Amino acid sequence: MDTIIIRDLEVAFRVGITAAERAQPQRLLITVEMEHDFKAAAARDNLAETIDYAAVSERVLHFGDDSHWELIETLAADLAAMVLEQFSPLQISVEVKKFCIPQARYVAVSVTRLR
């Protein structure tokens, strides 16, 4: 299977357990890996036969507009569901990195879903 990867897309979403933590958007890094057979797209050099990663990126960048989550696990699951529904990859993996523990480079969760 072929894979399209959008690695460490920087977003600012409201996420956290406490209201204080959700008061301001936080910097997160999102990685999206989409499995899709793009042999036909490569053979014909045709965007319509693959997944438009620019469109996926734009949708992910604005996914947090007017929304908030307590858990990054929920955010990752919601992002995976949205990409599956709107862009139809065969499989999707979403990783969310959060910078909330000063002694750690980041905390991350990852989910994988099948169509």
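**Exercise 1. Salt bridges**

Determine how many salt bridges the structure holds, and state where Arg27 and Glu10 lie.

Solution.
Step 1. The structure holds six salt bridges, a salt bridge being a side-chain nitrogen of Lys or Arg within 4 Å of a carboxyl oxygen of Asp or Glu. The model is predicted: local features need pLDDT of at least 70, side-chain atom pairs count only at pLDDT 80 or more, and totals for chains, interfaces and linings use all residues. Residues are numbered from 1 along each chain as its sequence is written, and side-chain values use heavy atoms, with hydrogens and water left out.

Step 2. One of the salt bridges joins the side chains of Arg27 and Glu10, at 3.4 Å from N to O. Arg27 is in strand β2 and Glu10 in strand β1, 17 residues apart, and the pair links distant parts of the chain. Helices (H or I, at least four residues) and strands (E, at least two) are DSSP runs, numbered from the N terminus.

Step 3. Arg27 has 42% relative accessibility and counts as partly exposed; Glu10, at 49%, is partly exposed too. The cut-offs are under 20% relative accessible area for buried, over 50% for exposed, and partly exposed in between (1.4 Å probe, protein chains only).

Step 4. In the salt bridge of Glu21 with Lys98, the closest N and O atoms are 2.8 Å apart. Glu21 belongs to helix α1 (residues 19–22) and Lys98 to strand β4, so this pair ties together parts that are 77 residues apart in sequence. Glu21 is partly exposed at 27%, whereas Lys98 is buried at 7%.

Step 5. Arg44 and Glu49 also meet through their side chains in a salt bridge, 3.0 Å from N to O. Here Arg44 is exposed, with a relative accessible area of 54%, and Glu49 is partly exposed, with 25%.

**Exercise 2. The sheet and its helices**

Give the order of the five strands in the open sheet, and find which strands are at its edges.

Solution.
Step 1. The order is β3-β1-β2-β4-β5, with mixed pairing. Two strands pair if DSSP finds at least two bridges between them. The edge strands β3 and β5 (107–114) each pair on one side only.

Step 2. Strands of a sheet pair through backbone hydrogen bonds, either parallel or antiparallel. Both senses can be located here. β1 (residues 2–15) runs antiparallel to β2 (residues 26–36), over 10 bridges. Within this pairing, Asp2 has His36 as its bridge partner in β2, and Leu9 stands opposite Ile30.

Step 3. β1 and β3 pair in the parallel sense over two bridges. Arg14 has His68 as its bridge partner in β3.

Step 4. Helix α3 lies across β1 and β2 and runs at about 20° to β1. Helix α4 (residues 72–87) packs on the sheet, where it touches β1, β2, β3, β4 (91–98) and β5; its direction makes about 35° with that of β5. Contact means heavy atoms within 4.5 Å. Axes are lines fitted to C-alpha atoms, for helices over the stretch in contact, and angles run from 0 to 180 degrees between N-to-C directions.

**Exercise 3. Aromatic rings**

State how many aromatic pairs the structure holds, and decide whether the rings of Phe63 and Trp69 are stacked or edge-to-face.

Solution.
Step 1. There are three aromatic pairs. Rings of Phe, Tyr and Trp (its six-membered ring) pair if their centres lie within 6.5 Å; planes under 30 degrees apart count as stacked, over 60 as edge-to-face and the rest as tilted.

Step 2. For Phe63 and Trp69 the centres are 5.7 Å apart and the planes at 15°, so the pair is stacked. Both Phe63 and Trp69 are buried. Ring pairs also bring in Phe13, giving a cluster of Phe13, Phe63 and Trp69.

Step 3. Phe99 and Tyr106 have ring centres 6.4 Å apart and planes at 75°, so this pair is edge-to-face. Phe99 is partly exposed at 31%, and Tyr106 is partly exposed at 34%.

Step 4. Charges are found at these two rings. The charged end of Arg27 sits over the ring of Phe99, 4.5 Å from its centre, and Lys97 lies over the face of Tyr106, at 4.6 Å from the ring centre. The criterion is NZ of Lys or CZ of Arg within 6 Å of the ring centre and within 35 degrees of the ring normal.
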